[in-house]
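Subject: Handover of a structure and its findings

Dear colleague,

Please find below the structure that I am handing over to you. The findings follow directly after it.

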Amino acid sequence: MAVIKKQHFAANSQKVEGKTVRRKRARKKCSTDGCINTAVNGGICRRHGATLTMKTCSSEGCTKQAQNGGVCMRHGAKVNLCSSDGCMNQSREGGVYVRHGAKRKLCSSDGCMNQAKHGGVCIKHGAKVNLCSSDGCTNNAKKGRVCIKHGQRVC
């Protein structure tokens, strides 16, 4: 199997100034006339009828999506927990939770300890935030340019 991977890498790479650079693989386009979306299943995109099959939990009567080991979270899918004593939070980077040392990107402004949101800076130092498009509303917008109060549902 390792030989196949090496051949695949060699087929999708090229030498530039003495370095091996991987090329992006061309994705198949939807076969419907005029459509430029990527084909998902059967040569067509989701807009034109391709369906994705999600694995469901193998527990009897459960219709949730399987996460790990063929079961959903409720029925025993394994989650990496923080390795600190007594902490039951899900681990982030390095096997620990943020409070116990997992690194998070901080704002690049001098002396600022806020978490970077966009472009390496926090909201206070210039990261753009989408506001709700309803008149007079200053809440943060979710999908669809409106906040939860003005009609955006959060799944």
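Which residues form a nonpolar patch on the surface? In this predicted model, the patch is made up of Ile123, Val129 and Leu131. Together, these residues have about 240 Å² of accessible area. Ile123 is located in the segment after strand 2. With a relative accessible area of 46%, Ile123 is classed as partly exposed, because that class covers values between 20% and 50%.

The chain as a whole

The chain contains 1 helix and 2 strands. Read from the N terminus, these elements follow the order α-β-β. Of the 155 residues in the chain, 21% count as buried. The accessible surface of the chain amounts to about 13,300 Å², and carbon and sulfur atoms contribute 48% of this surface. As regards contacts in the chain with a separation of 6 or more, 0% are accounted for by residues 24 or more positions apart.

The cysteines

How many disulfides does the chain have? The count comes to 0 disulfides. For Cys137, the closest cysteine sulfur belongs to Cys147. The sulfur atoms of Cys137 and Cys147 are 3.8 Å apart, which is too far for a bond, because a disulfide requires the two sulfur atoms to be within 2.5 Å. Cys147 is likewise in no disulfide; the cysteine sulfur nearest to that of Cys147 is in Cys132, at 3.7 Å.

Are these two cysteines, Cys137 and Cys147, buried or exposed? Cys137 has a relative accessibility of 14% and therefore counts as buried. Cys147 is buried as well, with a relative accessible area of 2%. The cut-off applied here is that a residue is buried when its relative accessible area is under 20%.

Ser91 and its surroundings

Ser91 is placed in the segment after strand 2, the strand that spans 19-22. The relative accessibility of Ser91 is 13%, so this residue counts as buried. Which residues does Ser91 touch, leaving aside those up to four places away in sequence? Ser91 touches Asn80, Leu81, Cys82, Val96 and Tyr97.

In brief, the points to take from this handover are the nonpolar patch of Ile123, Val129 and Leu131 on the surface, the count of 0 disulfides, and the buried residue Ser91.

With kind regards

Definitions and conventions:
Residues are numbered from 1 along each chain as its sequence is written. This is a predicted model: local features need pLDDT of at least 70, side-chain atom pairs count only at pLDDT 80 or more; totals for chains, interfaces and linings use all residues. Side-chain values use heavy atoms; hydrogens and water are left out. Helices (H or I, at least four residues) and strands (E, at least two) are DSSP runs, numbered from the N terminus. Buried means under 20% relative accessible area, exposed over 50%, partly exposed in between (1.4 Å probe, protein chains only). Contact means heavy atoms within 4.5 Å. Accessible areas come from the Shrake-Rupley method with a 1.4 Å probe; for residues, only the protein chains shown count as cover. Patches are made of residues with over 30% relative accessible area and no salt bridge: like charges are joined within 9 Å, nonpolar side chains (Val, Leu, Ile, Met, Phe, Trp, Tyr) within 5 Å. A salt bridge is a side-chain nitrogen of Lys or Arg within 4 Å of a carboxyl oxygen of Asp or Glu.
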